[in-house]
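This report goes through a protein structure part by part. Please look at the sequence and the model before reading on.

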Amino acid sequence: MKADPKNVLTGAHYLDGNHACAEGAIAAGCKFFAGYPITPSTEIAERVSRRFPLLGGVFIQMEDELASMNAILGAAWGGKKTMSCTSGPGFCLMMENFGLGLMLETPTVLVNVQRGGPSTGLPTLPGQADMMQAKWGSHGDYEVIALAPDSPQESFELTIHAFNLSEKYRMPVLIMTDECVGHMTEKVVIPEADQIDLVERRFTKKKPGEAWPYDPADDGGISPMLPVGEGHRFHITGLTHDHRGYPVINAEAHEQNVRHMIDKVVKNADDIIWLEEKDIDDAEVVLMAYGISSRVMQPAIAKARKEGIKVGQIKMVTVWPFPEKRVRELASKVKSLIMVELNCGQMFLEMDRCAAGKCKTGLVGHFGGTVHKPEDIYKAIKESIK
Amino acid sequence: MSVQTKQLEERVHPMEKLLRMDRIPHIWCPTCGLGTTITALAAAIDQMKLDYDNIAVVSGIGCTGRVAGYMKVDSFHTTHGRSIPFAVGLSIAKPKTKVIVFSGDGDLISIGGNHFIHTARRNMDITVICVNNFIYAMTGGQVAPTTPLTAKSATSPYGCYEHPFNLPLLAASSGASYVARWTALHIRRLTTALKEAISKKGFSFVEVIAPCSTLYARLNKLGSGLDLMKFYHDNSEIKHGADLKDVDIEFQSKITVGKFVDIEKPTYLECLNANNKRVFGDKYQPYGG
């Protein structure tokens, strides 16, 4: 299915990452947005609130982020494509019902424009320190899908991609961007609507009385949803449940329920994971990064390569699920893997785990508040080949 | 098989159409007020001849939170305190669906209190039924923001010393279009109130004072479920339009019941449409779902 031309602001624009993200959501067909103001994400909500009235969408500023997250789930079950945006402190509050979204298998998109933390931290300055929270922030076992744009152009494109993944896998999808990308203004080219592919909501084809909310799909894949108001009169719950959506409180049902949520990400990891690799074939050192850090490392890589150091790079467009398989492969081929990120070592832990001692691993961390100095990254490259 | 058993087996529950009979027996204790409250809601829906397909029930967590799981309509069992914001999203997405939030006092007024006042303020077109048993029952009878002064609970073993909320006053001052209070004894009046609340355009609120003989009555030595019903019978005072400052509930005091607020004012979506029409004129297509 192609995007509706009404929703697509085709043309070349000069936008920051947050505005581009809002345009991506609108192009993807988002028609309900519930949010709460928080720096540095607010421009997303502001742009949506300006654009929605003439596009048939509803923007509502809720009383807090707990409410925002719930409202986008409720509206998603009401048939809309929905989204919210926030930053660290709000992300904490949203974690409660991010878990509900996973448990109810609800398609929706949540954007975290990361700032420095913990607590109020650095409201106006960048960080990438919510990466583990994205994976583990709600209680219980589960898998998530999270994307990290590195530019306003990617903010537009990955927001559409996030909506598509959320529909395909019937789950909330995270966009883990950062203050730099959110507030960086660049050229954003929005294509014609017929160049934008959308995944639409899949509803059951079964008649009322025959369908349950978690019936496996005919092809064994992700179950289609049941529409509200069409006689299915179904029930869903945040409790451990069976395919009928009925609570079943025992270990067997729980294993089945949680396994299903984990499997739909793990078994489709090859489809979900999106990496952009460069100069990997002969690389001795591979730098990994995501979001703003993947751009900040470029001068250091260029300098090292000019000196003849064989440096390759991987930009992680999807940050979760982690590209385990690829890192394991590379670890047995290269001398060193280095993670560049604006935190004290979060995705680094995953990289180091997957490298499993087969190569050296390094972290170019940063406490946040600004981006890395290229020379720190360069030094780490030099260090790694000693 | 005795004749009596056979007769029982052949009998159909009068509310079967609206209940998930495949989930019965339910989890609630004997003498709980939830049975009568659900019966009143089912009767209200039936008497209004509403299309069952256009009703959604949303619950939070707690004893009353389980109601969504037993009502045979589109039904959502959400997280603790969050039934209202979930219902807000659902109601905006499906304006033709009658969205009914059915939850308890701890869920709606303590952990969900902020959502409650803001949704009333917006005059969101939903009905909120709050079953008030004065305690957190599901977790074993702890003190709640509705526990009357001096009443004992599992976490106020020497008596509650916090001032409780006056729920009708809270709802009305937050902006509700309809506010009523009845007890689980007043089945017919409660049914009427629920019919009025569901018909009401905008935020409607019905508080149902309900017995919890397992915890509240036992901890406070108030007797059996029957004794509580007798208490409601002897101590409820019907006072429509009462001054809401006077409807506080004290420990074993008179309970003022009745219809307190019934006004007309534009709903959230009506306000949204009117404002956008004012600004954009004919370019604006009113939002209808």
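This is a predicted model: local features need pLDDT of at least 70, side-chain atom pairs count only at pLDDT 80 or more; totals for chains, interfaces and linings use all residues.

Domain 1 covers residues 5–195 of chain A, and domain 2 covers 274–384. Their centres, taken over C-alpha atoms, are 26 Å apart. Domain 1 brings 27 residues to the contact and domain 2 brings 26 residues.

Between these domains there are 17 residue pairs in polar contact, with both residues at pLDDT 80 or more. Several elements of domain 1 each supply at least two residues of the side that touches domain 2, among them β6 (122–126) and α6 (152–169) of chain A. The element that gives the most is α5(A), with four residues. By type, the residues on this side of domain 1 are 17 nonpolar, four polar and six charged. The interface of the two domains also holds three salt bridges. The side chains of D150(A) and K315(A) form a salt bridge, at 3.0 Å from N to O.

## Surroundings of S87(A)

S87(A) sits in the loop between β4 (81–86) and α4 (88–104) of chain A. Its relative accessible area is 0%, so S87(A) counts as buried. A polar atom of the S87(A) side chain is 2.6 Å from the backbone oxygen of V113(A). Apart from neighbours within four places in sequence, the contacts of S87(A) include I38(A), T39(A), N112(A) and R115(A).

The size of an interface is often given as the accessible area lost when the parts come together. For chain B and chain A, the buried area is about 3,400 Å², with 59% from carbon and sulfur atoms. D74(B), H77(B) and F86(B) supply 16% of the area that chain B buries against chain A, more than any other three residues. In residues, 43 of chain B are in contact with 41 of chain A.

Two salt bridges cross the interface of chain B and chain A. The side chains of E63(A) and R122(B) meet in a salt bridge, with 2.9 Å from N to O. On the side of chain B that touches chain A, α3(B) gives the most, with seven residues. The residues of that side divide into 17 nonpolar, 14 polar and twelve charged.

Notes: Residues are numbered from 1 along each chain as its sequence is written. Chains are lettered from A and ligands numbered from 1 in the order in which they are written. Side-chain values use heavy atoms; hydrogens and water are left out. Domain bounds come from an automatic or database domain assignment. Contact means heavy atoms within 4.5 Å. A salt bridge is a side-chain nitrogen of Lys or Arg within 4 Å of a carboxyl oxygen of Asp or Glu. A polar contact is a pair of N or O atoms within 3.5 Å; within protein, one must be able to donate a hydrogen and the other to accept it, and residues adjacent in sequence count only if both atoms are side-chain atoms. Ala, Val, Leu, Ile, Met, Phe, Trp, Tyr, Cys and Pro count as nonpolar, Asp, Glu, Lys and Arg as charged, and the others, Gly among them, as polar. Buried means under 20% relative accessible area, exposed over 50%, partly exposed in between (1.4 Å probe, protein chains only). Buried area is the accessible area (1.4 Å probe) that two parts lose on being put together, summed over both.
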